Amino acid sequence: MVKKTEMNPKSKLREIGLNLVNYIKKGENPFLDIPIRALSNVIFDPHTNLIKMGDKTAKRYLFNVAHIRKFVQTIDAAAISKRLLEENKHVSLRQVYYMMKGTLSGSGVEVVSDGDEGQTESNKAVEDLELITGLTREQLNINAKKLGSVAGKVIIEDGGDTIDWSKQGSGGWSVPSNVENIKFKKVNAKFVLYMEKDAIWERLNEDKVWNKLDCVIIASQGQATRGIRRLLQRMSDELRLPIYVLADFDPWGFYIYSVLKFGSIALSHISDRLAIPKAHYLGLTADDVEKYELTKYVIKFKDVDIKRLKEVSEYEWFKNRKEWQRQFQLMNKIKGKVELDALVTKGVSFISEKYIPEKIKSVDVLN
Amino acid sequence: MTEQTVIAEELAKQLRAVSVAEFFEKNRHLLGYENPTKALITIVKEFTDNALDAAEEARILPDIKVVVKEVAPDRFKVRVEDNGPGIVEEKLPLAFGKLLYGSKFHRLKMSRGTQGLGASGGILYAQLTTGRPAKIISSTGKEIHEIELMIDVSKNEPKIISHKEEKNPNKWHGIKIEVEAEGRYIEGKQSILEYLKQTAMSNPYAKIVYDGPNGKVEFERAVKELPPLPKEIKPHPYGVEIGLLRRMLEITNARNLIGFLTGDFSRVGRSSALQICKLAKLDCNKKPNELTHGEIELLHKAMQMVKLIGPPTDCLSPLGEKLLEEGLKKETKAEFVVAVTRSPTVYRGNPFLVEVCLGFGGELPQDQTAQLFRFANKVPLLYHAGDCATTEAVIETDWRRYGFSQSSGQLPQGQLAILIHFASVWVPYTSEGKQAIASYPEIVKEIKLALQEAGRKLATYVRHKNIERERALRQNLFERYLPEVSAALSEISETPRNSIEINLKKILNKGKVIESVKEEGIEDGEENRNESEE
């Protein structure tokens, strides 16, 4: 289990550096101990309902042909963060990539690859640094892009500015990378609707669902970012608002819910800061497909979908959930997926006027 | 070619007359004269093989000179000179002017030529393409004879155009033969130069000077001892083809079958001979030359059925590991060579042995397919590599075990030269052109065993070299990253960059860290693909 750091980030980084320097002084091959981020190293805690990181680590050596590049990437990330903390400035993950590309020594040696591959490498280096230090990247003065759209009957304060989520027009408010300093000023919402798809959010926003049903609607466009997950968690914990997840009827949709509720494998070390154990699944189920006569809109599974379904259904956190196992079995029978967008066949605003209100009213959710 | 010639001459009298021109024209492709390029190589090859055989048999260290000059477009003068024993005046015309006349055809002995087709074939080709006679200068140490001869193609008889005799104050001995023939000259993989280079490789006790159209090349003598002279043996019944059996029956001195079988074959005693006759249902007192075609077939069959011990194998003369290593090293400039000479063994009644030599590193080309040098009775094989037992054996050997890369069904890759020498009293060529060895299972197996043995010896060296090279690569990789590592660590730890860099260099120079281990599972699991960026 990764320990949370109490030390201030600068000192923590210095301690890691001194440790490596000491190895080098003694003439030993310096290494970093990095917790393994893989399914093989996560544990599901049934009491907290959270995915936690195990204690398996891998040693990353400097003098090892297979390790050296990653080693350099990791300590470069540490040096960049240290510099930012000293200058009290923040940069984006993209900028970290450019800083590594430019090299700290000016030697021009290739620290990261070109383009997307290099971006992935520098992102992973930052993630590894988080694991080694027990600090989040925001604490290390590295931010992700702000993302997603929010609208709803809530007023917040962020960096001295007051923001009314009900007055964000058609685009909504974007969630920053770091939401720790956001204060909830006035809350007139009774629940939160989270969805992955922008198109659904735009439908709900145009229909002013958040006004009619007194709620907040949040979209992430893809897998939820840490900022969005942390914001949802705070609304669940601090405001006691129920969080409903709207997703497609397919293994990937189910997994979006899984990440929000139980935590993810890659970020299992900070599940307690991101996961929302009280989240409810409000997305399409096999029963909905039947009830709303969506059978003819089934998109046939490809091999990769079938494989993913099997994987998801075998995750430990789904194993003892009968309702979910029933859905997996039914999905396996249907051998296909159904998107929320298919509800448009019942009427453009069917989802806003019928589907969501009815499901919430009858508490037709999965947990 | 001395006392053997006498017997051979007698034997040749009994040969049926053949229309030589017809025979030659029909078999041009089999004899190596199917195109002008190959014809030129074949002429050089036949003359040189004879020169080497002659000197070696007389226990003389061969000194060979080969001259090839273009005298007109697509017309070449070819001259080969040796320091062998020479041929006596009376035998000169027959030795060069009659096809299928030779000292080697009716005996089983490891030698380069066998059929009496070589030199006269070259002369005939020259005569057919340019109409010019061959010039032959010979001396046994006494006077020097210079003759010009042509072949009467209808009679298969030599025709002397001129004959000069000169004094020989220096007691020179040897043969100089010169012809003018149509041809095309090339240099490259299948060329006169390559043939001579490989000949120098398998005959490191010979000095060969080549004066070609593009200048002189000398192949120096690397060792001063000749390999032991091969012994002549009688054929073993298991190895006799029916055609040869028929000819042996015609020319034998034995008066009856039992005498023929015991006298003209090896490993056949009286009781085995009687058994063969009984199996063939033949009268053992029958005259050998009175057998009918059907009876010969029965005899041949019976000879394969009776149980006999294998032929003697001491008749073979390998080059030996030392000569092979010297030869390969000299011509390829390999850094490391290792040779293996196997003990003789038998295929179909014919004794044979395999020797191989592997060369590695040095001036051999890097990252290419291994070079394969094939030899049969010390003669390089330049063509039809794909059909050859040697190629098959190389492909079937697992070279990855010895530190080379190899895709299945392919020759290995790397700085590697493979020399394979197949020595036998009877080389099973796939055709009369004598360019590829037939893939008898016993032969392929024996070559593979030799390659494996040599491969194992080489592997230790290759591995050591590979480790050294990888070490250097690693060292280089580490060195490149040290400035960046020092700069980053200096910033994190707030200690001077210089001292970190010095200490890192110390670790690197100690060398221990350069042997590195593989990374343990630090890669993120596949499960994470859905969470690329959060």
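**Notebook: two chains and a helix crossing**

I began where the chains meet: α1(A) and helix α13 (residues 441-493) of chain B pack with their axes 7 Å apart, at an angle of about 130 degrees. That angle makes α1(A) oblique to α13(B), because an angle has to be over 145 degrees to count as roughly antiparallel and within 65 to 115 to count as roughly perpendicular. I also looked up the handedness, and α1(A) passes α13(B) in a left-handed crossing. A reminder to myself before going on: this is a predicted model.

**Entry: who touches whom at the crossing**

Which residues of α1(A) meet α13(B)? I noted Leu13(A), Arg14(A), Ile16(A), Gly17(A), Leu18(A), Leu20(A) and Val21(A). Across from them, in α13(B), I found Leu489(B), Ile492(B) and Ser493(B). Sorted by class, this contact of α1(A) with α13(B) has seven nonpolar, two polar and one charged residues.

**Entry: the whole interface**

Next I stepped back to both chains. I found 50 residues of chain A in contact with 38 residues of chain B. On the chain A side, the elements that give two or more residues are α1 (9-25), β4 (57-61), α2 (68-87) and α8 (251-262). Which of them gives the largest share? My helix from the first entry does: α1(A) supplies nine residues, the largest share of the side of chain A that touches chain B. I then sorted that side by class and got 29 nonpolar, 13 polar and eight charged residues.

**Entry: chain B as a whole**

I counted 14 helices and 14 strands in chain B. Of the 534 residues in chain B, 45% are buried.

**Entry: a covered strand in chain A**

Then I turned to strand β7 (residues 147-152) of chain A. How many of its six residues are buried? Six of the six are, and β7(A) is mostly covered. I followed its partners next. With strand β10 (residues 173-175) of chain A, β7(A) pairs in the antiparallel sense over two bridges. There, Leu147(A) has Val175(A) as its bridge partner. With strand β13 (residues 215-219) of chain A, the pairing of β7(A) is antiparallel too, over four bridges. In β13(A), I found Val216(A) as the bridge partner of Gly152(A).

Most residues other than glycine have a negative phi. I therefore kept an eye out for exceptions to that pattern.

In chain A, Lys335(A) has a positive phi, near 55 degrees. I placed Lys335(A) in the loop between α13 (322-334) and β17 (336-337) of chain A. Lys335(A) is exposed, because 12 other C-beta atoms lie within 10 Å, and 12 or fewer is the cut-off for exposed.

In chain B, Lys333(B) is not a glycine, yet its phi is positive, at about 55 degrees. I found Lys333(B) in the loop between α11 (321-332) and β9 (336-341) of chain B. Is Lys333(B) exposed or partly exposed? With 13 other C-beta atoms within 10 Å, Lys333(B) is partly exposed.

Asp398(B) has 14 other C-beta atoms within 10 Å, so it is partly exposed. I also looked at Ser408(B), ten residues from Asp398(B) in sequence, and their C-alpha atoms are 8.9 Å apart.

Technical notes:
Residues are numbered from 1 along each chain as its sequence is written. Chains are lettered from A and ligands numbered from 1 in the order in which they are written. This is a predicted model: local features need pLDDT of at least 70, side-chain atom pairs count only at pLDDT 80 or more; totals for chains, interfaces and linings use all residues. Two residues are in contact if their C-beta atoms, placed from the backbone, lie within 7 Å. Ala, Val, Leu, Ile, Met, Phe, Trp, Tyr, Cys and Pro count as nonpolar, Asp, Glu, Lys and Arg as charged, and the others, Gly among them, as polar. A residue is buried if 20 or more other C-beta atoms lie within 10 Å of its own, exposed if 12 or fewer, and partly exposed in between; C-beta atoms are placed from the backbone. Axes are lines fitted to C-alpha atoms, for helices over the stretch in contact, and angles run from 0 to 180 degrees between N-to-C directions. Angles under 35 degrees count as roughly parallel, over 145 as roughly antiparallel, 65 to 115 as roughly perpendicular and the rest as oblique. A crossing is left-handed if the near helix is turned anticlockwise from the far one by less than a right angle, and right-handed if clockwise. Two strands pair if DSSP finds at least two bridges between them.
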